[in-house]
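This briefing sets out the architecture of one protein model. Please view the sequence and the structure together before reading on.

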Amino acid sequence: MAAILLDVDGVFHVSGEPIAGGGEAVRRLREAGHRLRFVTNNTTRTRAQQAEDLRGMGIELDEEELQTTPRAAARALKGKRVLALTMHSIVGELEGIELVGEDAEAVLIGGAGETPETSLVFSFMNLARAFHELEAGAELYCLHKNRWWQTKDGPLLDAGAFVAGLEYAADTEAIVLGKPSTLFFEAALEALDADAGMSWMVGDDIEADVAGAQAHGMKTVLVRTGKFRPDAVERGSVRPDGIVSSIAQLPEWLEQNV
Ligand SMILES: [Mg+2]
């Protein structure tokens with residue numbers, strides 16, 4: 001029996017379209033006595049919405065089992081004056097943060113979405129405003145720094161490009177709140193009362209999921225769905241402990257290899 005952190009996007013669904021066998025896999029993992037936590041870098045849906053989305057795909061879970069980046073931001077930036085470039089849908093999750101348009105103590109960059117809202121949030125005017133705040137001494141935070149993610153229409157540019165652009169322009173380094181930050185993995189393992197060395201991370205992202213969890217001392221399984229690319233595994237230096245064709249194969253793989 002182990003503690004298992006499960007990525008959501010690209011593991012259980014792509015653009016909301018379920019990946020076959022997810023619900024059955026979660027049931028089998030629970031029956032085998034594994035402790036589960038769903039860890040997601042999603043920045044466009046609230047925790048309640050995401051739990052509801054997953055239940056709609058036949059995956060049984062409590063909302064409290066989902067660990068999201070806006071909640072991590074709320075913890076890290078509590079009581080601070082923050083200029084937030086994030087999707088409107090998650091603003092309600094940023095509890096305890098004072099959202100401001102100027103004189104910010106911190107700039108928070110969220111992830112991109114698949115709707116036209118992304119163009120408004122990351123407009124030149126907003127990015128220039130963020131740059132101005134950074135120049136005036138605000139600290140740079142981001143929900144994640146992902147380069148791209150897999151949608152049903154193919155790979156889509158993510159907000160990591162804007163984070164990197166602001167880091168370059170303001171000559172600063174962003175604090176990453178979601179995967180692959182150690183703080184995010186630590187919080188997930190703490191919630192399961194688990195040691196990193198005895199725990200697994202399962203995801204479709206060789207950087208944020210696999211390399212991130214390995215750097216935190218965890219074991220990893222990569223799924224061949226979502227943003228998985230064979231050449232990223234073959235050419236890269238990151239080696240997961242296991243590779244399965246999809247989440248549907250995970251319970252059996254763990255039975256044979258753990
Ligand atoms: Mg993913």
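What share of the contacts in the protein with a separation of 6 or more is accounted for by residues 24 or more positions apart? Such residues account for 68% of these contacts, where a contact requires two C-beta atoms, placed from the backbone, to lie within 7 Å. This is a predicted model, in which local features need pLDDT of at least 70 and side-chain atom pairs count only at pLDDT 80 or more, while totals for chains, interfaces and linings use all residues. Residues are numbered from 1 along each chain as its sequence is written.

**Overall form**

- The protein contains 10 helices and 15 strands; both are DSSP runs numbered from the N terminus, with helices (H or I) of at least four residues and strands (E) of at least two.
- Its radius of gyration, taken over C-alpha atoms, is 18 Å, close to the 18 Å given for 258 residues by the globule rule, so the protein is as compact as a globular protein of that length; the rule is 2.2 Å times the number of residues to the power 0.38.
- The C-alpha trace spans about 55 × 40 × 35 Å along the principal axes of the protein.
- Of the 258 residues, 46% are buried, a term that calls for 20 or more other C-beta atoms, placed from the backbone, within 10 Å of the residue's own.

**The parallel sheet**

- An open sheet is formed by 5 strands in the order E7-E6-E8-E9-E12, with parallel pairing; two strands pair if DSSP finds at least two bridges between them.
- Strands E7 (98-99) and E12 (175-176) stand at the edges with a single partner strand each, so one side of each has no neighbour in the sheet.
- Strand E6 (residues 81-85) is joined to E7 by 2 bridges, and Val-82 has Leu-99 in E7 as its bridge partner.
- E6 is also joined to E8 by 4 bridges, with Leu-83 partnered by Val-107 in E8.
- A further 4 bridges link E8 to strand E9 (residues 139-142), where Cys-142 is the bridge partner of Ile-109.
- Strand E8 (residues 106-109) is covered on both faces: Ala-106 and Leu-108 are buried on one side, and Val-107 and Ile-109 on the other.

**Glu-93**

- Glu-93 is located in the loop between E6 and E7, and counts as buried because it has 20 C-beta neighbours inside 10 Å.
- Leaving aside residues up to four places away in sequence, Glu-93 touches Thr-46, Arg-47, Pro-70, Arg-71 and Ala-74.
- From Glu-93 to Arg-71 the separation is 22 residues in sequence and 6.3 Å in space, C-alpha to C-alpha.

Methods: Buried ≥ 20, exposed ≤ 12 C-beta atoms within 10 Å, placed from the backbone.
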